[in-house]
Amino acid sequence: MSLSVILSEAYNFFRNHLGQLAALTIPLLLAQTGIQLWLGSEFAKVDVNNPQFGSPHFFAMMMMLIIFSVLIAALTLYLQLRSEGHELSTGAVLKASLPFVPPLLLAGVFSGMAIAAPVIIAAAFGPLWLIGLGISLYLFARLAYVNFMVVVERLTPLEAIKASFRFSSSIVSKTVALLLLYVPLSLVGGTLSQLVAGVGLPLQLIVDAGFSFVALFVNVALFRLYMVNRTQA
């Protein structure tokens, strides 16, 4: 299936289920964005010569990771259930997604470390950071289906990482193309966030959470690509 068809079907799904997607994800996105903004303000106050981070900062980062894992678990489970023709309430989806949070959290840590390692290592050699960035993007594409492997296939974190790497071998270019959609979304969202930062925290919170919600379209498109190739396989 062509990438244009994947995007078209993902757009139709996102539009047709906008209300329930918003009810499912917006509260979590508001909580996650609120923590991010608080951490950003705290880090802005840090003395670069003597940085100090306390337990509140560590707790906030852990909460942010947990909320993100709940968000991904709930979104993926909702996409699976709707693709299979099932209908569940928002509360039921959230409740059913909770058992997937621990494995998703572990899988996210492992895959995140693998993705970040090349660019971090290459950055130590100056201009080679660009090569490291390319390798990281490639690994990101190969591991983009880890969440689906955990939730849909019910695999353990390490099994999900291996399965995602195998599964994505034939669709790397399409996956990279979908992941690159994050670039314009991030640029527009970041620009608007800076513009409204001077207005006040509530507006910035709403704008940031709103763009994070729009960016979930990439997850929907990736899931559609995953389902098409999963069926073919």
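Predicted model: local features only at pLDDT ≥ 70, side-chain atom pairs only at ≥ 80, totals over all residues.
Start with the helix pair. The axes of helix 5 (residues 101–123) and helix 8 (residues 157–167) come within 8 Å, with a crossing angle of roughly 55°. That makes the two helices oblique to each other, and their crossing is right-handed. On the helix 5 side, the residues involved are Pro103, Leu106, Ala107, Phe110 and Ser111, which meet Pro157, Leu158 and Ile161 of helix 8. Sorted by class, this contact comes out as 7 nonpolar residues and 1 polar one, with no charged residues.

Charged side chains come up elsewhere: searching the whole structure turns up 3 salt bridges. In one of them, arginine 224 pairs with glutamate 9, at 2.4 Å from N to O. Arginine 224 sits in helix 11 (residues 201–232) and glutamate 9 in helix 1 (residues 3–16), so this pair ties together parts 215 residues apart in sequence. Arginine 224 is partly exposed at 29% relative accessibility, and glutamate 9 is partly exposed too, at 27%.

Helix 11 also supplies arginine 230, whose partner glutamate 153 lies in the loop between helix 7 (146–151) and helix 8; this pair again links distant parts of the chain, 77 residues apart.

Definitions and conventions: Residues numbered from 1 in each chain as written. Heavy atoms only, no water. Axes fitted to C-alpha atoms, helices over the stretch in contact; angles between N-to-C directions. Helix = DSSP H or I, 4+ residues; strand = E, 2+ residues; numbered from the N terminus. Parallel < 35°, antiparallel > 145°, perpendicular 65-115°, else oblique. Left-handed = near helix turned anticlockwise from the far one by under 90°. Contact = heavy atoms within 4.5 Å. Nonpolar A, V, L, I, M, F, W, Y, C, P; charged D, E, K, R; others polar. Salt bridge = Lys/Arg side-chain N within 4 Å of Asp/Glu carboxyl O. Buried < 20%, exposed > 50% of the residue type's maximum accessible area, 1.4 Å probe, protein only.
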